[in-house]
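Here are some quick notes to read alongside the model. Have the viewer open as you go through them.

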Amino acid sequence: MTTAEPGTTRRQVKRLLGSPDQSISDRNYMALYRTASRPGFRPWRRRSRSEAWVYGDTPRVGWATWIYFSRGRVEKVTSGPLTGGRPEGSP
């Protein structure tokens, strides 16, 4: 196996690509949108089973790979160009 494919476990992905640059679970993602003005908007009480890992500069410089897990196995892998990163007003 040379790439992360659907059905691959977290352990196999770590062996293949190393630790992710960033990761976020469903619970953490939903918590970003909970505010004082929307107190009824709460994360699920159940244990989060979905997670996304991000690998920067993979497969090449300026690109990132997102690996989505569901129940401990890869569900989807996407790659695309990184955006932003420059302060406003810079050329």
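1. A word on terms before anything else: helices here are DSSP runs of H or I with at least four residues, strands are runs of E with at least two, and both are numbered from the N terminus. Keep in mind that this is a predicted model. On that basis the protein has two helices and four strands, and their order along the sequence is α-β-α-β-β-β.

2. Now the overall numbers. The protein has 91 residues, and 19% of them count as buried. If you take contacts between residues at least 6 apart in sequence, 36% join residues at least 24 apart.

3. Have a look at Trp53, which sits in strand 2. Is Trp53 buried or exposed? Its relative accessibility is 5%, so Trp53 counts as buried.

4. Two distances go with Trp53. Its side chain makes a polar contact of 3.1 Å with the side chain of Glu51. Val13 is 40 residues away in sequence, yet the C-alpha atoms of Val13 and Trp53 are 10.0 Å apart.

5. Last, the largest pocket, which holds about 150 Å³ of space. Strand 1 (22-25), helix 2 (26-31), strand 2 (50-56), strand 3 (63-70) and strand 4 (73-81) each give two or more residues to its lining. Among the lining residues are Tyr29, Glu51, Tyr68 and Lys76. By class, the lining has five nonpolar, three polar and four charged residues.

Conventions: Residues numbered from 1 in each chain as written. Predicted model: local features only at pLDDT ≥ 70, side-chain atom pairs only at ≥ 80, totals over all residues. Heavy atoms only, no water. Buried < 20%, exposed > 50% of the residue type's maximum accessible area, 1.4 Å probe, protein only. Contact = heavy atoms within 4.5 Å. 1 Å grid on protein atoms, 1.4 Å probe; cavity = no way out; pocket = protein on both sides within 12 Å on 5 of 7 lines; lining within 4 Å. Points joined across faces, edges and corners; volume = space filled by probe spheres on them. Nonpolar A, V, L, I, M, F, W, Y, C, P; charged D, E, K, R; others polar. Polar contact = N/O pair within 3.5 Å; in protein donor to acceptor, adjacent residues only side chain to side chain.
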